[in-house]
Structure formats: structure tokens, C-alpha cells
Amino acid sequence: GVNRVEQQAQRLRHAAANELTRLLDSNPGQANVLKERAAAYARLGNYQQAVTDYSASLKLQPDEASVLHVRGLAYEQLGQHDRALQDYERAIAIQPQLADVYINRGVTFGRMGNFRQSVASLSEGICLAPENPHGYFNRGMTYFQQGELAGAIDDFSAVIRLSPNDDAAYYWRGIANEEAGRQPEALADYR
């Protein structure tokens with residue numbers, strides 16, 4: 001069943017990390033191999049080792065915005081929000097068109113309780129990638145947390161337009177509609 005598939009996937013992830021380690025042992029200092037091994041460690045849930053490898057890669061290629069972004073994600077998994085924000089800021093300074101960096105920065109601000117900054121960053125990400133439902137969903141959640149139900153409903157509706165089978169968007173729009181006193185709309189969302 002599913003458990004066997006996940007076990008096989010874990011074995012493959014470990015094998016990939018081990019093979020990348022062998023490559024680095026025979027030829028150290030390869031930024032691309034360090035990035036790949038860091039990604040393998042992140043998929044295994046070993047975020048500290050992922051940060052270590054992303055950091056080593058950045059020593060070799062310090063202006064790699066995509067590596068700063070994924071290291072920021074790893075820091076986020078470790079609960080190191082300030083370090084994640086530093087990486088997102090550096091990535092944006094290097095490559096300001098990366099919508100996902102703005103979105104993840106917005107999520108981090110939200111986790112830190114900085115809702116105004118969260119909405120601003122998520123909005124920037126949405127402007128850069130208006131077809132990306134993740135920006136709308138996360139901004140909708142931020143609006144909801146602030147009690148701004150109209151904004152939440154609008155953003156969850158945008159997610160549904162972009163991704164009509166997104167059950168979470170229907171669920172959260174239903175809750176927002178219910179809290180706004182819009183029972184028929186809420187019931188339709190709970191379908």
C-alpha cells in the first residue's frame with residue numbers, strides 16, 4: 001500500500017544522498033552537487049544538513065538567488081524565521097522577479113505575527129505571478145487570521161477560479177462565509 005511506496009521513496013532519497021556524497025568525496029567543491037545533496041537532505045527532513053550544504057554552495061556561488069530561497073525554506077522548517085527572512089531578502093535583492101520568494105517571505109511574516117508585512121509580501125508575489133494560487137491562498141489565510149473576511153473570501157475565490165478542485169480553498173472560504181453570516185454561501189462551499 002501507501003506505506004510501502006513511501007518506504008521505497010525514502011530508500012531512494014537516502015540512496016540519492018549517498019551517491020551525491022560519493023561524488024563530493026571524489027570531487028569536492030561542486031556547487032551544483034552540493035545543491036542537489038541539500039535538496040535530497042531536505043526531502044528526507046534533514047533540514048540542518050540541507051542548510052549546511054546550501055551554505056557551502058553559497059560560499060562557491062554567493063549570488064545564487066534560488067539557493068538563498070531554498071535555504072530560507074530550510075531555515076523556516078527549523079523554526080529560524082529571522083534567518084529565513086534574511087535569505088529571502090537577499091534573494092529578492094539579487095533576482096526581484098522570483099514570485100515564490102515573495103510568497104514564502106509573506107508566509108514567514110505571517111508565522112511571526114507580522115500580518116501587515118505578510119499581506120504586502122504576498123501581494124507582491126501575486127502581482128508577479130497572478131496565476132499562482134498559493135499566493136492567494138496564503139494571503140486569504142492571513143486576511144482570515146486578521147478577521148478581514150471580505151479579503152479572505154475574495155482570495156479563496158481566486159484560488160478556486162485558478163484551481164477548481166482545491167478542497168482547502170472551498171473549506172476556508174466556507175468558514176469565512178460562515179463567520180461573515182453568509183450561511184447559504186458557506187453551505188455551498190462545504191458541499
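Q: Why is arginine 182 called partly exposed?
A: Arginine 182 has 35% relative accessibility and therefore counts as partly exposed, since buried means under 20% relative accessible area, exposed over 50% and partly exposed in between (1.4 Å probe, protein chains only). This is a predicted model, in which local features need pLDDT of at least 70 and side-chain atom pairs count only at pLDDT 80 or more, while totals for chains, interfaces and linings use all residues. Residues are numbered from 1 along each chain as its sequence is written, and side-chain values use heavy atoms, with hydrogens and water left out.

Q: What makes glutamate 185 and arginine 182 a salt bridge?
A: A salt bridge is a side-chain nitrogen of Lys or Arg within 4 Å of a carboxyl oxygen of Asp or Glu, and the closest N and O atoms of glutamate 185 and arginine 182 are 3.8 Å apart. By this rule the count comes to eight salt bridges.

Q: What makes glutamate 76 and arginine 111 a pair that ties together parts of the chain?
A: Their side chains meet in a salt bridge at 2.7 Å, N to O, and because glutamate 76 lies in helix 4 and arginine 111 in helix 6, the pair ties together parts that are 35 residues apart in sequence. Helices here are DSSP runs (H or I, at least four residues), numbered from the N terminus.

How values were computed. Helix = DSSP H or I, 4+ residues; strand = E, 2+ residues; numbered from the N terminus.
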